[in-house]
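This report walks through the model shown below, beginning with a single side chain and widening to the chains and the interface between them.

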Amino acid sequence: LPIERRILESGLDIQAGEQHFYGFSLARQMAEQDDRGGLTAHGTLYKALGRMTETGLLEAEWEHPEIAEAEGRPRRRLYRVTGEGARALHRARQAEGTQAVTPGLALA
Amino acid sequence: VNAADREHDRREHDDRIAARVLAWCSFYTRGLPDEVAADRRDELASDLHEQLADASARGDRRVGRAIARRAILGAVADLSWRAKERGLASRSAMPVTMSRDRAATLRLVVACYILGSGMASAGIVAAFRTAVHSEYFDSANNLGWPFALGAVVAFAAMVMLARPHGRAWGAALLALCAAWMWCFFLSGLPTLSATVSHYLERVVVRLGFLGGVDGFGMLRGVTAVLLPGALVAAFFVVVAIAFRRTGRLAKAVAPGAPSTCR
């Protein structure tokens, strides 16, 4: 599958339980869904995330530094699939003749 | 104790790999806008931290290898992303560059007009004076036309300066004109102005050209005499090169369109 679609699917799955997702959580979710074990390469993942943010499929914001400091880790860049992103995924599935509707799509 | 040492060594090894990945990130983000580079570095630092913490929590001992694999497989995408960001940065900086070039071009054109007008005026005055004094100085008979020609060429060069495409050639012509007129000015100086001739001679004598005729003194004297004309000519040469560069830049920005450096 194209990486954009995998990101939208995994992102919506994470969003169903949490408000946002970040790079590593997304890479882990994608690896679990693909069942191939390996995490997506840094360059491939962040290039795609940047491209999708620019085109409005995702929205991104940096986590408040206080939260990261309190948890003793670097701050995360938090992403969220936008309504446009959810619609794009829905159209892609329709084009494939897939009728499945994920909980994430209902949320978006 | 051995197991604890091995675990410590393994973590250090993983940290070193993560540090190398961050060093690679610093390499491919160099020269990019600060905000873009910092965002990528911070995001990658967060990812590496999360992966190390996740592996530690799960007891995964192959995390170093996994991190290296992610970095290596993504290297081409990193470089491709860098190329795209550099393109965006240079495009956003272009209007500023062009605006600065336009302002600098305008200043140089004004300077050329001031110096060129001075040269043309001097040529006219010199031609007139040599004509007036020709009955007293035989050498002056042959100096009127070089100064008149110099003045005409200086005017023609200034007309060329008015057109963006002719500026480089106009400045180059003024450089030739400056050298030409200075040579004839020096040879006709006694005819043109006794006062200027007197002061120039004093300068030359002071520098040792006529006082103590040695090699070094002569060199200083010749340099003092030639320097003003050479400086003006060199200025016009540099300006001609600058005009040519800005013309090429304008063509590169808008291929097929007229120059925008006006």
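In this predicted model, Asp14(B) counts as buried because its relative accessibility is 4%, under the 20% cut-off. Its side chain meets that of Arg10(B) in a salt bridge, with 3.0 Å from N to O. Both residues belong to helix α1 of chain B, which covers residues 2-28, and they stand four residues apart, about one turn of the helix.

A second pair in chain B joins separate helices. The side chains of Arg40(B) and Asp78(B) form a salt bridge at 3.2 Å, N to O, and because Arg40(B) lies in helix α2 of chain B while Asp78(B) lies in helix α4 of chain B, the pair ties together parts that are 38 residues apart in sequence. Both partners are buried: Arg40(B) has a relative accessible area of 4%, and Asp78(B) has a relative accessibility of 2%.

**The two chains**

Chain B has eight helices and zero strands. Of its 262 residues, 34% are buried, and among its contacts with a separation of 6 or more, 66% are between residues 24 or more positions apart. The mean pLDDT of chain B is 81, with 80% of its residues reaching 70 or more. Over residues 255-262 of chain B the pLDDT is below 50, although this stretch has 17 contacts in the model beyond near neighbours in sequence.

Chain A has six helices and two strands, and from the N terminus on its elements run α-α-α-β-α-β-α-α. Of its 108 residues, 46% count as buried, and 50% of its contacts with a separation of 6 or more are between residues 24 or more positions apart. Within chain A, Ala86(A) is placed in helix α5, residues 83-95, and counts as buried at 4% relative accessibility; Ala86(A) and Leu57(A) are 29 residues apart in sequence, yet their C-alpha atoms are 7.6 Å apart in space. Chain A also holds a network of salt bridges that links Arg5(A), Glu9(A), Arg93(A) and Glu96(A).

**The interface**

For the complex, the predictor gives an ipTM of 0.87 and a pTM of 0.54. In the model, 26 residues of chain B are in contact with 24 residues of chain A. The area buried between the chains is about 2000 Å², of which carbon and sulfur atoms give 53%. In chain B, Glu43(B), Glu50(B) and Arg70(B) lose the most area to chain A, together 32% of what that side buries.

Eleven residue pairs are in polar contact between chain B and chain A, counting pairs with both residues at pLDDT 80 or more. On the side of chain B that touches chain A, the elements giving two or more residues are α2 (34-58), α3 (63-73) and α4 (75-132) of chain B, and the largest share, 13 residues, comes from α2(B). The residues of this side divide into nine nonpolar, five polar and twelve charged.

His42(A) lies in helix α3 of chain A, residues 42-54, and counts as buried at 3% relative accessibility. Leaving aside neighbours within four places in sequence, His42(A) is in contact with Val21(B), Leu44(B), Asp47(B), Leu48(B), Gln51(B), Ile67(B), Arg70(B) and Ala71(B). Leu39(A), in the loop between α2 (23-34) and α3 of chain A, counts as buried at 15% relative accessibility. Not counting residues up to four places away in sequence, Leu39(A) touches residues of both chains, including Phe24(A), Ala27(A), Gln51(B) and Arg70(B). The C-alpha atoms of Leu39(A) and Ala27(A), twelve residues apart in sequence, are 5.5 Å apart in space.

**Salt bridges**

Side chains of opposite charge can pair when their charged atoms come close. The rule gives 20 salt bridges over all chains, and it finds four across the interface of chain B and chain A. Some of the pairs are listed here.

| Pair | N to O distance |
|---|---|
| Arg10(B) and Asp14(B) | 3.0 Å |
| Arg40(B) and Asp78(B) | 3.2 Å |
| Glu54(A) and Lys84(B) | 3.1 Å |
| Asp42(B) and Arg75(A) | 3.4 Å |

The salt bridge of Glu54(A) and Lys84(B) crosses between chains, from helix α3 of chain A to helix α4 of chain B. Glu54(A) counts as exposed at 52% relative accessibility, whereas Lys84(B) is partly exposed, with a relative accessible area of 35%.

Definitions and conventions. Residues numbered from 1 in each chain as written. Chains lettered and ligands numbered in written order. Heavy atoms only, no water. Contact = heavy atoms within 4.5 Å. Buried area = accessible area lost by both parts, 1.4 Å probe. Polar contact = N/O pair within 3.5 Å; in protein donor to acceptor, adjacent residues only side chain to side chain. Nonpolar A, V, L, I, M, F, W, Y, C, P; charged D, E, K, R; others polar. pLDDT = per-residue confidence, 0-100. Buried < 20%, exposed > 50% of the residue type's maximum accessible area, 1.4 Å probe, protein only.
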